[in-house]
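Here is a friendly walk through one protein chain, with the side-chain pairings first and the confidence values at the end. Keep the viewer open as you read.

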Amino acid sequence: MAEDPQRNFRSAYYEKVGFRGVEEKKSLEILLKDNPLDIEKLSTFSQRFPLPSMYRIHVWKVLLGILPPHSDSHALVARYRLEQYMDIKEALLAMRFVHTGTPHTELYLRMHQLENQQLPCRSELTQPGEEDEDFLAIARVMEEIVDNPVDCYWLIRCFVNQFNHKFGDSIPHLPKSLEHFLSQEDGRLLAHLKTSGSLAVLPYSLWFRRCFADCLPETSLQRVWDKVISGSCKILVFVAMEILLSYKIKLMGMSQSDAVVNFLSNMPQENTDAIVTKAIELWHKYCGTPMHSV
């Protein structure tokens with residue numbers, strides 16, 4: 001039977017925007033028409049398949065609880081989110097914690113601090129602490145992904161809150177998970193990292209606390225955050241492992257831990273899409289597509 005060129009064109013297009021086939025696109029569209037939305041099914045879909053940009057922000061807002069499952073109330077809730085955003089911003093302006101020229105990322109941080117009752121006294125404002133720097137790193141990436149500042153703030157706020165609440169206890173254990181899975185994939189590389197003293201000082205904070213913000217470009221990072229938002233922080237382990245595997249030859253030639261950490265903290269950006277793709281394959285290989293896997 002002759003191949004249908006139109007079907008082939010559609011398949012190639014959907015694969016390019018993030019779907020492996022037309023059926024997956026239809027499945028997601030059906031899920032998004034449900035009222036109420038089935039959060040569990042949306043999470044499962046996001047873990048199984050990449051979300052293209054045309055749907056990503058909407059799915060993120062639902063999975064993070066910014067929008068409720070009942071889609072008929074989305075417009076009302078969006079208005080409340082806007083009003084709350086403006087009230088918090090006006091309060092900060094009135095207290096002179098921010099001004100009209102304050103960068104958005106700093107504004108988002110102060111809003112987050114005010115909502116969490118962590119806003120310092122104006123006389124005590126100092127350089128951002130470690131947790132603040134993590135927030136700002138994530139905020140800088142989200143600002144590249146989302147144009148609307150209101151949506152951007154709520155996505156940052158809810159992403160950070162969900163991540164800390166769900167995975168805060170798991171983050172300290174991720175380096176051990178990385179060592180375990182790397183021993184199965186490449187024992188020689190693991191041995192070298194141990195011998196050089198690099199394994200203990202890899203940029204774990206950059207990788208795990210910041211979810212690779214300031215490490216991977218936002219175009220690659222969005223697919224990683226799909227998995228984190230849908231319930232898995234272990235994807236971060238496999239991204240870290242694939243970075244190590246992808247630069248194995250270069251890393252094997254480094255005998256000083258400082259050189260290893262410096263390279264990994266400022267790694268090249270040209271092949272990050274391939275790294276993320278292989279990392280997701282490894283994640284599926286070792287973890288399948290578990291619901292809310294940590």
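How many aromatic pairs does the count come to?

## Aromatic pairs

The count comes to 16 aromatic pairs in this predicted model. One of them joins Tyr204 and Trp207, whose rings sit edge-to-face, 6.3 Å centre to centre and with 85° between the planes. Both residues belong to helix 11, where they are 3 residues apart, about one turn of the helix. Tyr204 is buried, and Trp207 is buried as well.

Phe238 and Tyr286 give another geometry: their ring centres are 5.8 Å apart and their planes are at 15°, so this pair is stacked. Phe238 belongs to helix 13 and Tyr286 to helix 16 (residues 272-287), so the pair ties together parts that are 48 residues apart in sequence. Phe238 is buried, at 0% relative accessibility, whereas Tyr286 is partly exposed at 25%. Elsewhere, one aromatic cluster is formed by Trp60, Phe159, Phe163, Phe167 and Trp225.

## The nonpolar core

Next comes the core. The largest nonpolar core has 94 residues, and Trp207, Phe212, Trp225, Leu236 and Leu244 are the ones with the most contacts inside it. Helix 8 (residues 149-167) supplies the largest share of this core, with 11 residues.

Leaving aside neighbours within four places in sequence, Leu236 is in contact with Phe163, Leu174, Trp207, Phe208, Cys211, Phe212, Val224 and Val228. Among these partners, Trp207 and Phe212 are also named with Leu236 as residues with the most contacts inside the core. Phe163, another contact of Leu236, is a member of the aromatic cluster.

## Salt bridges

How many salt bridges does the structure hold? There are 12 of them. In one, the side chains of Arg56 and Asp226 meet at 2.9 Å, N to O. Arg56 is in helix 4 (residues 53-63) and Asp226 in helix 12 (residues 218-229), so this pair ties together parts that are 170 residues apart in sequence. Arg56 is buried, with a relative accessible area of 6%, and Asp226 is buried with a relative accessible area of 0%.

Arg79 and Glu83 form a salt bridge at 3.7 Å, N to O. Both lie in helix 5 (residues 74-94), 4 residues apart, about one turn of the helix. Arg79 is partly exposed at 46% relative accessibility, and Glu83 is partly exposed at 39%. Yet another bridge joins Arg209 and Asp134, at 4.0 Å, N to O. Here Arg209 comes from helix 11 (residues 204-209) and Asp134 from helix 7 (residues 130-145), so parts that are 75 residues apart in sequence are tied together. Arg209 is partly exposed at 25% relative accessibility, while Asp134 is buried at 7%. These two residues also belong to a network of salt bridges that links Asp134, Arg140, Arg209, Arg210 and Asp214.

## Cysteines

How many disulfides does the count come to? The answer is 0 disulfides. Cys233 shows one case: the closest cysteine sulfur, in Cys211, is 8.5 Å from the sulfur of Cys233, which is too far for a bond. Cys233 is buried, with a relative accessible area of 0%. Cys158 is also buried, at 10% relative accessibility.

## Two loop residues

Lys234 sits in the loop between helix 12 and helix 13 (235-246). At 19% relative accessibility, Lys234 counts as buried. Lys234 and Ser177 are 57 residues apart in sequence, with 8.4 Å between them in space, C-alpha to C-alpha.

Ser196 is in the loop between helix 10 (187-195) and helix 11. Ser196 is buried, with a relative accessible area of 15%. Leaving aside neighbours within four places in sequence, Ser196 is in contact with Met254, Ser255 and Ser257.

## Confidence

The mean pLDDT of the chain is 89, and 89% of its residues reach 70 or more. Over residues 1-19, though, the pLDDT is below 50, and this stretch has 17 contacts beyond near neighbours in sequence. Residues 290-294 also stay under 50, and the model has 18 contacts for them beyond four places in sequence. Where pLDDT is low, the predicted coordinates should not be read in detail.

Methods
Residues numbered from 1 in each chain as written. Predicted model: local features only at pLDDT ≥ 70, side-chain atom pairs only at ≥ 80, totals over all residues. Heavy atoms only, no water. Core = buried A, V, L, I, M, F, W, Y, C linked by side-chain atoms within 4.5 Å. Buried < 20%, exposed > 50% of the residue type's maximum accessible area, 1.4 Å probe, protein only. Contact = heavy atoms within 4.5 Å. pLDDT = per-residue confidence, 0-100. Disulfide = S-S within 2.5 Å. Phe/Tyr/Trp six-rings, centres within 6.5 Å; stacked < 30°, edge-to-face > 60°.
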